[in-house]
Amino acid sequence: MLPSPPLAAAATRRAATAVASVAAHRLLLPVRSLTHNPSAPGSLIPRRRFAHMQREERTASLAPLGRHFAVAVADGGVDGEAPALVVVSFYRFADFPDHATFRRPLKELCEELRVSGGIILAPEGINGSICGTPSAVDKVLNFIQEDNRLKGLRMIQSPVTPEDEAIHHGHTSQSPLGAGDDAPFRWDHVRVKLKKEIVTFGDPGVMPTKMVGKYVKPKDWNALISDPDTVVIDVRNMYEIRIGKFKRAVDPCTNSFREFPTWVDDQFKLVESDTRESGVNNGNGIGQPAEDLNASKSKQLPRVAMYCTGGIRCEKASSFLLSKGFKEVYHLEGGILKYLEEVPKAESLWEGECFVFDKRVSVEHGLAQGTHKLCYGCKQPVSDEDMESPEWEYGVSCPYCFATKSEEEKERARARQRQFETWGVIGGPDKGRSPKGHDAKDAAEDKQLPNSI
């Protein structure tokens, strides 16, 4: 069962904003009925029908599909409101060699139910974050879990802001520039991608399905990381750690998850050579030499507690450390998001905000909307203070990427921003195509149509 979001707060927000009209309750939505044979993965028989979905129909109970669960939120609201929305992030490591056959039916189902977001399919499993009405998201997640290999998805539910509701319901003119293909979540449509890994690590020998560290519940996390014999490692990237982390956490200063194995190899060789230095931000200052993580235990590897945003990177990181000979490897179950959801702020050891890979940019305790915005020049989070800098230019650059961008790159970004401000879409009305060529193509197609048409 997914946890319920703060319904009273969501209702207050929706009543205050009134994002959509009464007509939103009577949308012409395609409804999809699917049969899936778990013994033959990828065997799907679609049957489509179209119907005017009344609010009463959408709130009806769902027929059990695989491992069924219900998202405890009503879809509808008072007249004049858009349907309530929910965001669910999920993943599952599994032996999934036929993942490609799952892409089309999953994408079609999301489109028909108007579920937006991003989903990655790979031979090692599934990873995604989707947004939609509770019943629609419920149907998608249960359809995924009809495949026995994908049962038991690890899921985190988050509330949705009024601004994000407006974007999801089609008011794209209010949306900033898209975050690009490297952002795993976008609100305006669904993407289902095929990749080699559901989270890029670069080492095919690391298999969380074979071995993984010990999960630690959020309520038990504080005691573990407060132990001076525990080395706390943040396995996220620098730009994520910059806006928030746990107390005592070591920052590996990586630009991508692919760099984590190299950092581990270099860092824990300090036991063999006391002269080596690593520019790690461990709380003593950026760029200062890292402390010897094995100083007190020079003949054995230390106990490690690691964490990441939602837990998926820790699955691979912990499996990697175990393969390197570490005996005590722990990781935060559900990641930072589950911790911020369950642990009261007064008891929390979290400092700052948590970066998330969607248009919210960052969240605080209770998964409330954070204060950071996104630089669409480099996809990094920026604070209000950062936006006061002369190096900040909306849609172009920020203090973290200004020096790395050429004037040509900045001018291209300005052109894209002007296109978006003028037309509401990057590329203008022709989206980068030649108007003359576009008209010629239309004329050629018209010639091929029967006179009756």
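The tour below goes from the whole chain to a sheet, its helices and a few single residues.

**Before you click**

You are looking at a predicted model, in which local features need pLDDT of at least 70 and side-chain atom pairs count only at pLDDT 80 or more, while totals for chains, interfaces and linings use all residues. Residues are numbered from 1 along each chain as its sequence is written, and side-chain values use heavy atoms, with hydrogens and water left out.

**Stop 1: the whole protein**

Show everything as a cartoon. The protein has twelve helices and 17 strands; helices (H or I, at least four residues) and strands (E, at least two) are DSSP runs, numbered from the N terminus. Of its 453 residues, 49% count as buried. Buried means under 20% relative accessible area, exposed means over 50%, and partly exposed is in between, using a 1.4 Å probe and protein chains only. Contact means heavy atoms within 4.5 Å. Among contacts between residues at least 6 apart in sequence, 67% join residues at least 24 apart.

**Stop 2**

Next, select β8 (214-216), β9 (230-234), β11 (residues 303-307) and β12 (329-332). In what order do the four strands form the open sheet? The order is β8-β12-β11-β9, and the pairing is parallel. Two strands pair if DSSP finds at least two bridges between them. The edge strands are β8 and β9, each pairing on one side only. On average, neighbouring strands of this sheet are turned by 30° against each other, direction ignored.

Zoom in on β9 and β11: they pair in the parallel sense over five bridges. To see one spot along the way, pick V231, which stands opposite V304 in β11.

**Stop 3: helices across the sheet**

Helix α6 lies across β8, β9, β11 and β12, running at about 135° to β11. Angles here run from 0 to 180 degrees between N-to-C directions, and axes are lines fitted to C-alpha atoms, for helices over the stretch in contact.

Go back to α6 and show its side chains. P218, W221, N222, L224 and I225 are buried there. The buried residues of α6 pack against β8, β9, β10, β11, β12 and α10.

**Stop 4: where two helices cross**

Two packed helices are described by the angle between their axes and the distance between the axes.

Which residues meet here? P218, W221 and N222 in α6 meet K338, Y339 and E342 in α10. The residues of this contact divide into three nonpolar, one polar and two charged. For that count, Ala, Val, Leu, Ile, Met, Phe, Trp, Tyr, Cys and Pro are nonpolar, Asp, Glu, Lys and Arg are charged, and the others, Gly among them, are polar.

Colour α10 by burial and you'll find it mostly covered, with six of its eight residues buried. Those are G335, I336, L337, K338, Y339 and L340.

**Stop 5**

Select N237, in the loop between β9 and α7 (238-241). N237 is buried, with a relative accessible area of 6%. Leaving aside its neighbours within four places in sequence, N237 is in contact with T254, N255, S256, F257 and R313. A polar atom of its side chain lies 3.5 Å from the backbone nitrogen of F257.

Now pick D251, which is 14 residues from N237 in sequence and 8.3 Å from it in space, C-alpha to C-alpha. D251 is found in the loop between β10 (244-246) and α8 (260-267). Is D251 buried or exposed? D251 is buried, at 5% relative accessible area. Its side chain reaches the backbone nitrogen of C253 at 2.8 Å.

**Stop 6: two positive phi values**

Finish with R114, in the loop between α3 (100-112) and β4 (116-122). Its phi is near 55°, a positive value in a residue other than glycine. R114 counts as partly exposed, at 42% relative accessibility.

Then jump to V361, in the loop between β14 (354-355) and β15 (362-363). V361 has a positive phi of about 70° although it is not a glycine, and at 4% relative accessibility V361 counts as buried.

Conventions
A polar contact is a pair of N or O atoms within 3.5 Å; within protein, one must be able to donate a hydrogen and the other to accept it, and residues adjacent in sequence count only if both atoms are side-chain atoms.
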